[in-house]
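Hi everyone, thanks for making time.

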Amino acid sequence: MGLLAALFAALCGTAKDVLSKRLSARIGSTSSTFASFAFALPFYLVMFGWLSWRAGSIERPSLVFLGFVVLRSLTDVGAEWCKMKAFSVGELSTVTMTIALTPVFLLFTSPLITGDPLTGRGIAALVLSVSGSIVLIDVRGAFRPGGQGAALLLGLASAFFFS
């Protein structure tokens, strides 16, 4: 059952990226980002207020919590904008392989944000999981005119924001 769930998740992730690439040719990255993420933020706040009023059992959030919610929303907006912009200027395979490097950024951001320690076993697992993407990304000629340089940089920025 777990294998079927993993295959279905991979299929859904691939379909999402293919549809995003197709959408990037029709709609600008800013419009797509606003529709996907930025538009929802006010509704989150309204829903949280309604739930806290209705349920009564939800404690009032601290300013630190609200700051993390806003920061998370902003990083999601940044990641989505960079991803959609990368899809509009680059090839699907280049962008998806670059975004697959998100765990590399997590290696550095996770200890800073959560305090999780780095272990040799975790680093080895990370190297195994992203090594295929690193090998397949073709950077030769990427920064020549007409190359994939902008898509690579935007994909890396998206991977950073996703982390």
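Let me start with a definition: buried means under 20% relative accessible area, exposed means over 50%, and partly exposed is in between, with a 1.4 Å probe and protein chains only. Please keep in mind that this is a predicted model, where local features need pLDDT of at least 70, side-chain atom pairs count only at pLDDT 80 or more, and totals for chains, interfaces and linings use all residues. Residues are numbered from 1 along each chain as its sequence is written, and side-chain values use heavy atoms, with hydrogens and water left out.

Cysteines, then. Cys82 is buried at 7% relative accessibility, while Cys12 is partly exposed at 37%. How many disulfides are there? The count is zero, a disulfide being a pair of cysteine sulfur atoms within 2.5 Å.

On to charges. A salt bridge here is a side-chain nitrogen of Lys or Arg within 4 Å of a carboxyl oxygen of Asp or Glu, and the count is two. One joins Asp76 to Arg72, with the closest N and O atoms 3.1 Å apart. These two residues are four apart in helix α4 (residues 63-89), so about one helical turn separates them. Helices, by the way, are DSSP runs of H or I with at least four residues, strands are runs of E with at least two, and both are numbered from the N terminus. Is Asp76 buried or exposed? Asp76 is buried at 15%, whereas Arg72 is exposed at 53%.

The other salt bridge links Lys83 and Glu80, at 3.7 Å from N to O. They too sit in helix α4, three residues apart, or about one turn. Lys83 is buried at 4% relative accessible area, and Glu80 is buried at 7%.

Next, Thr98, which belongs to helix α5 (residues 92-99). Thr98 is buried, at 1% relative accessibility. A polar atom of the Thr98 side chain lies 2.7 Å from the backbone oxygen of Thr94. Leaving out residues up to four places away in sequence, Thr98 touches Ile137, Leu152, Gly155, Leu156 and Ala159; contact means heavy atoms within 4.5 Å.

Last stop, the other end of the scale. Leu4, in helix α1 (residues 2-24), is exposed, with a relative accessible area of 59%.

Technical notes
Polar contact = N/O pair within 3.5 Å; in protein donor to acceptor, adjacent residues only side chain to side chain.
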